[in-house]
Amino acid sequence: MSRNQALAAWLLVLGAATRPVTAGTITLQATQSDAKPFVGAVVTLQGAAHPHVAPVNAILDQINLAFAPDLIVIPVGSTVEFPNSDSVSHQIYSFSPTKRFQLPLYHGQPYPPVHFDQAGIVTLGCNIHDQMVGYVFVTDAAYFGRTDAAGAWTVTNLPLGSYHLSLWHPLMREATASLERDVTVADDEPVTLKLQLAHPLRRPPLPATVRRDQY
Amino acid sequence: MKSLRTLLFLSLLCALAPGIGWCTDWELSADMRVVNSDGQPTLFDGGLGTLRFDRDDDGVQVGRLRAALNQPLGNVWDLKLDASYWGQDDAHPVGLTEAYLEYRPYPIDGWRARVRIGAFYPPVSLENTDSGWSSPYTLSSSALDSWIGEEIRTIGLETQLEWLGTRMGHDFDVGVTGGVFGWNQGAGVVLANNGFSLTDRQTALFGRVGQLGDEPLGGAEPFLQFDHREGVYGGLEVRYLDRVVLRVLHYDNRASPQLDEVSDQNYSQHTRFNSAGVRIEGDRGWTAIAQWLDGETTTAADDVPGGLSSWPFRAEYALLSKRFGRSTLSARYDRFVVDSIGADGYGAQSGHAWTAAYVFNTDAHWRFTLEWLQVVSSSFSREDFFGGPPLLTETQMQLAIRYALGSAIR
């Protein structure tokens, strides 16, 4: 090896060592069993590198005898306010093991926010209006979101490494484990995952304003 | 007047202090009708017609004036009162159709209990789901539910236990219901004397059906109790994703038929029935309902000491409805029959009916309904009492204009 060749080789090694850390991208494309986009599904992505996600203060309102929105995704440690914007009283409860709580009959916003300190799914109901159903998805994942109108969800600037992706929706029939995938981000090439439901979604509940069963 | 002041006070308090949850939810409504009918004198006028309005009622009539309130008593108790004036004679001009306390503790681990104490409807009807036990589909109830409104009420206690599967990722909710009641010893007297009719008028608690002294009914009072025997019922309800409701019930008032004293208006009818129904609601505003009821009412025979007369009865209907925005178009077919055993044919009746209705909700306050109803029926008693032909076709057209206001109106 000539002196010049040796120098070139050193420069090559040095260049590789000082190259910026590669940031990865994962895109999920979720479809229903009939190949239509799977809209509004909750996506969580957990990895070895676990950046801290700051808790938030969220609002889940009650409008026209329905939770608005009917599903929110929050990091562990967050709080949620449950104002009642209807003219009638509501009485919100959860018997989900993740967070059991009750808000006695109220209008407006008389109660302090509810603290969600454990990961899991919390199903909300109203003890007066049975048709009202809502969900709080509490996650300890570093990355999370919901699929868009095209059934897609994308996360960028991911550190290289291995991740575990999972998908959930209140109307899906699949066991959650069947919609989980391990994925590795090895370089800055975007990784695209495709998930398709094996079973049709359940039909959504009827709006509470459509039918008021007195019984 | 005092109760009105109390209600206004509570409403004002709610307006000033929106966080208070035990505010009174109240509702007032006025339902006026323009009626055209070729019907025979009705059940309420001592006749054997099968409609609510007869040929003498053409013109403007009161459909229903109603006041209702729901008063929370603490967090898990409610007091519910529903009062109506129907423009047709009853024991009192204004009467309560339902009045009860409801206990509704929070669900625990997917199980929920409900207890009702007072006077209310047992879980039979799948069409009368609107406020005041009215139908969102038609003005007139089916023959089956009209009879429930005329004669059946739980005046006692009911418990319901429900497994809320849909709150836990399952497709079904399942509930069982049991009731113990009194003051329904006279239930069945209208059926045995007049048979089925199609009407939305509900008998007020401790009220009367028809005019005192009129034949054949004589102003019957279904809500009586003098035999000290409580009635019971038990039922099951299964809901599939809130789209399909299946409901069955067995009812038995366990009355002592031998205590019947017609001359004193102390009717004692041993009435028992099974009912079943299914309601299916689709995504595009379609609703289909079918209900079936089969039972028998028995009382002391008039002319045979120690003997009994019985009237086995059956009614069923199918309703199909389509919602288009603020409009609802519905059609219903009813069939009914009352047999007569040990009464020389007295009270026997059979018939069928077609109902078509168009409902337009202008907003939360105004509702307009146009309904056409035709009943074809045969009644033994028509010939027996009035010498008329037993077979009759009656047609009734109604235009209803309803205005409602209150805290529960939205």
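Which domains does the domain assignment of chain A give? The assignment, which is automatic or taken from a database, gives domain 1 (22-49 + 143-202) and domain 2 (54-140) of chain A. The model is predicted: local features need pLDDT of at least 70, side-chain atom pairs count only at pLDDT 80 or more, and totals for chains, interfaces and linings use all residues. Residues are numbered from 1 along each chain as its sequence is written, chains are lettered from A, and side-chain values use heavy atoms, without hydrogens and water.

The C-alpha centres of domain 1 and domain 2 of chain A are 26 Å apart. Contact (heavy atoms within 4.5 Å) links 8 residues of domain 1 with 8 residues of domain 2. Together the two domains bury about 830 Å²; this is the accessible area (1.4 Å probe) lost on putting the two parts together, summed over both. Carbon and sulfur atoms carry 78% of it. On the domain 1 side, A:F144, A:R146 and A:W168 supply 56% of the area buried against domain 2, more than any other three residues.

Across this interface the rule finds 0 salt bridges (a side-chain nitrogen of Lys or Arg within 4 Å of a carboxyl oxygen of Asp or Glu). It finds 2 residue pairs in polar contact, both at pLDDT 80 or more. Such a contact is a pair of N or O atoms within 3.5 Å; within protein, one must be able to donate a hydrogen and the other to accept it, and residues adjacent in sequence count only if both atoms are side-chain atoms.

Strands β2 (42-47) and β13 (143-146) of chain A each supply at least two residues of the domain 1 side that touches domain 2. Strands are DSSP runs (E, at least two residues), numbered from the N terminus. The largest share, 3 residues, comes from β2(A).

Conventions:
Helix = DSSP H or I, 4+ residues; strand = E, 2+ residues; numbered from the N terminus.
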